[in-house]
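Q: Before we turn to particular features, may I see the structure and then ask how each feature is to be read?

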Amino acid sequence: MTESGLSSFAIKDCALIAIATGKKAQNLRELREHLRQIEPGSIYYHFWGGLLRPRFDDPEYHNDFASWIAHSLHNKRLAERLAVINPSTYESMEAVKNELIETIEESLDETEFPTWAERDAQFEFIRYQIVVFDTKLSVNNPKNFVDIIPGLSLGSIFYHFIDARRRNPNSLDDFQNWLLNFEGEYGVLCHMISGVCPYFTPLKKLREELSEVFKAYFQKEEP
Amino acid sequence: MKEKNLLDKYGEIAGRDVIEHLQQLARPLNGLRFVHINSTQTGGGVAEILQKLVPLMQELGIETRWEVITGESVFYQCTKSFHNAIQGNQVDVPESYLKVYEKTNADTAERLKGLLQEADVVIAHDPQPAALIKYFPNRRGKWVWRCHIDASRPFRPVWKYLREFVSEYDASIFSLSSFAQRLPHPLYLIAPSIDPLNEKNIDLNEEEISEVRQNFKIDPERPIILQVSRYDRFKDPFGVIRSYQLAKEFVPPLQLVLAGGGASDDPEGEEVLREVRTAAMDDPDIRILLLPADAHRTINALQRSADIVMQKSIKEGFGLTVTEAMWKNKPVIGGDTGGIRIQVVNHHTGFLVNTPEGAALRIRYLLHNPDIMEEMGKKAKEFVRENFLITRQLREYLTLIFALLHAKEERIELG
């Protein structure tokens, strides 16, 4: 409990495991057809799962669809259009999925002969299971995040900053969501947190940026 | 006390937060009985990783056993044929071999009856112990088939035979999505990893590295390219020799080292080795080494001696030798196949190539740009630290256990 009687911020951690769906696409039409059927969790994985799996820190395209279309179908134009889709600005994964399908359909309308990927470079749809566990750590005072965030695991950062957007009805990360309970006291801090973009930043960097935000805010608050 | 130090040692390399994460994930699993079973205790990537994965799991409080299925030479010839067939080679496996295969599995099932029947989780690695499940119709726990091989285009008659067994499992694990075969259960994806504390990967002093070079008459003053792998056609040792020959026309001092580790379940290696020696045509700058399965420090020293490491495979499971080389700050020129693709990032950690000509060009490019080579090596090491250490693989095995116990749920919330 906080001093003002609010619930503490319970720090959780998570781990993801990927599962092959067996669905594969070798060209744009197949990709679109699978997209129509695929579960939202798979779309989520192909946008956000990259943060928790082997990937170079500076990928050219920030989601798997754009990356495959660029590298295996060599359609840079469509890849660029898909790469700017930032899922954190959509209400749901269903909405992201619709945007993907629409953008692909536009491209199909413009293309007479869709290209095919090589047989060993097909798009593989993957889904995931997420295991969430309680670290038994909790925060009562937002100021404590200054010391706590640098020691959080990347799984915790993923859970509270990225996964939260899918869980919370207001689509906010857990930090902002909790700070809202303080009735406007931390409005500036929330604004600063919302400036941290999760889409283009690897988890380690996200942890650093969040840490910096809390540090900067509370240093300013010191008398 | 000694066991506790193991986690601490990994913490020093992978980060303390990584170890705490593992401890928290493992806590609800304390008391579970876990069994790994494969076909060899030494040689090959599977055995190497189990040598550390098992004690780490034990230290995390999970009762973990490692058992080995052993048989007569026909059993290994049969499973080697399975291995090649899963990778797509058209191999006829005689009926008599299949009988030995099933008999060996039946004998092992009898020997391990109590242990496997009562285990909470059994992980059978590769085709060798896959048939064990047939002898446990009333098994208590979850059984998982771990396929370390690229099974994307298997030789169908052999796959049809093996599928009868592996379909019975509760789940499978493949190293990459593209390696998976459709099966009537969840297909989990876990990339393999290296052990930074294994003698193959630990830091060595210059004296030891120099001694190894001297033993094999490798000149440290001249550029060295190296491929470490079993003498196996899929590793394309002939393509490596051709790449070296093409590059040497432009870089005359170039040396090539081919270092093949032996494994007790690989009877085909000797034949390939003979052909490789013929292809080398007595070139004094080519060293063809047949190293014993436990020559970990020697391989380590060779990798550290090399300027460039190659893994020009035509087909590759994952390519742990690539990971090992990257961990030693080496750029890798790798075949554009399998798991090499997710490790070697063009212009960042090395180059992917499709032909001996492509490999030769990249060898020349790197040797002419030592600064780029050094920068790539640094990036390669950090990429491995983040993604391909044993601690990451262990985390995924632990996650898998929860996933198995809650197979239908996308989100599993532990109390």
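This is a predicted model: local features need pLDDT of at least 70, side-chain atom pairs count only at pLDDT 80 or more; totals for chains, interfaces and linings use all residues.

A: We begin with a pair of strands: strand 1 and strand 2 of chain A run antiparallel and are joined by 14 bridges. Helices (H or I, at least four residues) and strands (E, at least two) are DSSP runs, numbered from the N terminus, and two strands pair if DSSP finds at least two bridges between them. Within strand 2 of chain A, Ser138(A) is the bridge partner of Ala10(A).

Q: In what order do the nine strands form an open sheet?

A: The order is 2(B)-1(B)-3(B)-4(B)-5(B)-6(B)-1(A)-2(A)-13(B), with mixed pairing. Strand 2 (63-68) and strand 13 of chain B are the edge strands, each pairing on one side only. On average, neighbouring strands of this sheet are turned by 25° against each other, direction ignored. Axes here are lines fitted to C-alpha atoms, for helices over the stretch in contact, and angles run from 0 to 180 degrees between N-to-C directions. Helix 1 (residues 28-37) of chain A packs on the sheet, touching strand 1 and strand 2 of chain A, and its direction makes about 130° with that of strand 1 of chain A.

Q: How many residues of chain A are in contact with chain B?

A: Two residues are in contact if their C-beta atoms, placed from the backbone, lie within 7 Å. By that criterion, 23 residues of chain A are in contact with 34 residues of chain B. Strand 2 of chain A gives the most to the side of chain A that touches chain B, with nine residues. Strand 2 of chain A is also joined to strand 13 (residues 411-413) of chain B by three bridges, and these two strands run parallel. There, Val132(A) stands opposite Glu413(B).

Q: Is strand 3 of chain B buried or exposed?

A: A residue is buried if 20 or more other C-beta atoms lie within 10 Å of its own, exposed if 12 or fewer, and partly exposed in between, with C-beta atoms placed from the backbone. Five of the five residues of strand 3 (residues 121-125) of chain B are buried. Val121(B), Ile123(B) and His125(B) lie on one side, and Val122(B) and Ala124(B) on the other. Strand 3 of chain B pairs with strand 1 (residues 33-38) of chain B in the parallel sense over four bridges, and Phe34(B) stands opposite Val121(B). Five bridges join strand 3 of chain B to strand 4 (residues 142-147) of chain B, also parallel, with Trp145(B) as the bridge partner of Ala124(B).

Q: Why is helix 12 of chain B largely enclosed by the rest of the structure?

A: Eight of the eight residues of helix 12 (residues 320-327) of chain B are buried, so this helix is largely enclosed. Among them are Leu320(B), Glu324(B) and Trp327(B). Just after helix 12 of chain B, Asn329(B) takes a positive phi of about 65°.

Technical notes:
Residues are numbered from 1 along each chain as its sequence is written. Chains are lettered from A and ligands numbered from 1 in the order in which they are written.
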